[in-house]
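Keep the 3D view open as you read.

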Amino acid sequence: MFPPSHSSSSNMNGENDGDVNLFSSLPQYSLFGGLFDWLFLFGATGCALARWARGLFNDDDDYA
C-alpha cells in the first residue's frame with residue numbers, strides 16, 4: 001500500500017538510527033484532496049480565460 005508504513009530500522013549494533021520514511025509524514029489525501037481539486041479547477045479556468053483574452057486583444061482568429 002502506498003505510502004509505505006513507518007518501520008523502524010536498526011543498525012548493526014541494534015540501535016535505532018532514526019530513519020524516517022518521508023511518505024509517512026504526508027497528510028492523508030482526504031485532508032487536502034478537495035482543496036487541490038478546486039485550486040486546479042480555478043487555475044485551469046484562469047489559464048483558459050487568459051488565453052482567450054490575449055486572443056481577443058490581439059485580434060487573433062484562433063482564440064475567438
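## An aromatic residue in view

Phe42 counts as exposed because its relative accessibility is 55%; here exposed means over 50% relative accessible area, buried under 20% and partly exposed in between, with a 1.4 Å probe and protein chains only. This is a predicted model, in which local features need pLDDT of at least 70 and side-chain atom pairs count only at pLDDT 80 or more, while totals for chains, interfaces and linings use all residues. Residues are numbered from 1 along each chain as its sequence is written, and side-chain values use heavy atoms, with hydrogens and water left out.

Phe42 sits in helix H1, which covers residues 29-57. Helices are DSSP runs (H or I) of at least four residues and strands are runs (E) of at least two, numbered from the N terminus. The 29 residues of H1 should span 42 Å at 1.5 Å a residue, and the 41 Å between its end C-alpha atoms agrees; the expected span is 1.5 Å times one less than the number of residues. After H1 comes Asp59, with a positive phi near 60°.

Now to the partner of Phe42. Two aromatic pairs turn up in a search of the whole structure. One of them joins Trp38 and Phe42 in a tilted arrangement, with 5.9 Å centre to centre and 35° between the planes. Rings of Phe, Tyr and Trp (its six-membered ring) pair if their centres lie within 6.5 Å; planes under 30 degrees apart are stacked, over 60 edge-to-face and the rest tilted. Both residues belong to H1, four residues apart, or about one turn of the helix. An α-helix has 3.6 residues a turn, so residues three or four places apart point the same way.

| Residue | Relative accessibility | Class |
|---|---|---|
| Trp38 | 52% | exposed |
| Phe42 | 55% | exposed |

For the chain as a whole, 3% of the 64 residues count as buried.
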